[in-house]
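Subject: The structure you'll be looking at

Hi,

Here is the structure I promised to pass on. Have a look at it first, then read my notes below.

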Amino acid sequence: MRIVALVPGGISDQILFFPTLDDLKRNYPDAQIDVVVEPRSKAAYRVSKSVNDVLMFDYKDRNSLADWANLVGILRDREYDVAIALTQSLLIGLLLWLTGIPTRIGYKGKGAAFLTNTVPLKQEQYAADVYHTLLQELGIKSPCPQLAVNVPKLDIDWADKEQLRLGVKETGYILIHNGVNELPPNQGQDRTYPAENWLDIIQDCQQKQPDIPVMVVQEPGQQEFVAQIKQSIPDIKITSPDNMGKLAAMIAGANLLLCTDSAAMQLAVAVQTYTIALFGSIDPAKLLPKSEKIIAIKSSTGKIADISPKTILEKIWGG
């Protein structure tokens with residue numbers, strides 16, 4: 001069997017789809033499972049064990065008819081038996097109909113007329129559960145499995161060496177990930193927290209737990225943020241993992257992750273690291289499972305920057 005899933009969205013959206021992909025692979029171990037994702041999201045599949053091929057299509061771009069026709073051609077040539085769409089898009093529904101794929105699964109709503117099987121979209125639920133309901137149309141009735149990732153050994157080895165380099169292998173560490181705004185400000189949620197607020201938190205942690213180092217992840221484009229931290233705390237430990245596997249391995253080694261709503265948060269769920277995550281206007285229940293290892297702090301104003309360091313510190317120290 002050949003299966004293709006069309007998965008718009010960022011890296012977090014892809015990771016939340018992993019339980020569905022894993023369950024597909026468990027039920028159809030010999031199936032070829034491919035995904036069609038935006039270029040910015042391809043990196044997520046470094047830590048997926050269930051996908052054979054990652055195809056790229058920029059769903060958010062102003063695609064011409066030729067772009068859509070090219071995607072139809074690619075999907076037709078691969079002769080898929082099943083297509084799964086994670087969007088209520090009229091265009092995607094039409095595209096899948098044009099491919100001639102026999103079984104086309106998606107949500108009720110826009111584009112449903114072009115699909116062969118549909119399920120209701122319950123957006124108030126945890127996203128991983130929402131995605132997993134699509135498998136009902138393939139006769140898979142089992143509950144949604146826990147989110148999991150498959151970290152390559154090369155990345156685990158890199159993280160071991162990085163922890164030795166930074167002198168945290170024996171002590172453990174508190175890891176700070178300030179999120180990445182994947183889209184321009186006018187197109188997406190603000191997923192970063194001010195450096196001056198992080199400084200208050202870091203300094204309090206260093207004062208109360210001097211034996212546990214604090215480490216900051218530097219993502220591409222965060223040089224200014226890290227420079228602000230280093231200016232006040234010159235000896236702060238900085239790590240720069242350059243792929244999802246390395247980031248997952250560093251998160252797995254942490255005693256605690258402090259982060260904003262981001263891909264790092266989803267990796268922490270997968271590797272079961274204790275996490276405190278900051279949210280703006282998004283409901284944490286849609287992006288996080290119920291777990292004693294995760295504390296979500298939602299801004300009362302809808303802006304992550306308005307969460308006070310005091311509120312976060314109270315959660316860290318259990319006050």
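This is a predicted model: local features need pLDDT of at least 70, side-chain atom pairs count only at pLDDT 80 or more; totals for chains, interfaces and linings use all residues.

Residues are numbered from 1 along each chain as its sequence is written, and side-chain values use heavy atoms, with hydrogens and water left out.

Now the sheet. Helices (H or I, at least four residues) and strands (E, at least two) are DSSP runs, numbered from the N terminus. Two strands pair if DSSP finds at least two bridges between them. Here, 6 strands make an open sheet with parallel pairing, in the order 9-8-7-10-11-12. Strand 9 (237-239) and strand 12 (294-298) are at the edges with a single partner strand each, so one side of each has no neighbour in the sheet. From one strand to the next, the twist averages 20 degrees. Strand 11 (residues 275-279) pairs with strand 12 in the parallel sense over 5 bridges.

Next, the salt bridges (a side-chain nitrogen of Lys or Arg within 4 Å of a carboxyl oxygen of Asp or Glu). The structure holds 11 of them. For burial, I call a residue buried under 20% relative accessible area, exposed over 50%, and partly exposed in between (1.4 Å probe, protein chains only).

One of the salt bridges joins Lys49 and Asp22, with the closest N and O atoms 3.6 Å apart. Lys49 sits in the loop between strand 2 (32-37) and strand 3 (53-56) and Asp22 in helix 1 (residues 11-27), so the pair ties together parts 27 residues apart in sequence. Lys49 is partly exposed at 48%, whereas Asp22 is buried at 7%.

Another joins Asp155 and Arg46, whose closest N and O atoms are 2.7 Å apart. This pair links distant parts of the chain, 109 residues apart: Asp155 is in helix 5 (residues 153-165) and Arg46 in the loop between strand 2 and strand 3. Asp155 is buried, with 2% relative accessibility, and Arg46 is partly exposed, with 37%.

Asp53 lies in strand 3 and Arg78 in the loop between helix 2 (65-77) and strand 4 (82-85), so parts 25 residues apart in sequence are tied together. Salt bridges that share partners join Asp34, Asp53 and Arg78 into one network.

Cheers

Methods. Axes are lines fitted to C-alpha atoms, for helices over the stretch in contact, and angles run from 0 to 180 degrees between N-to-C directions.
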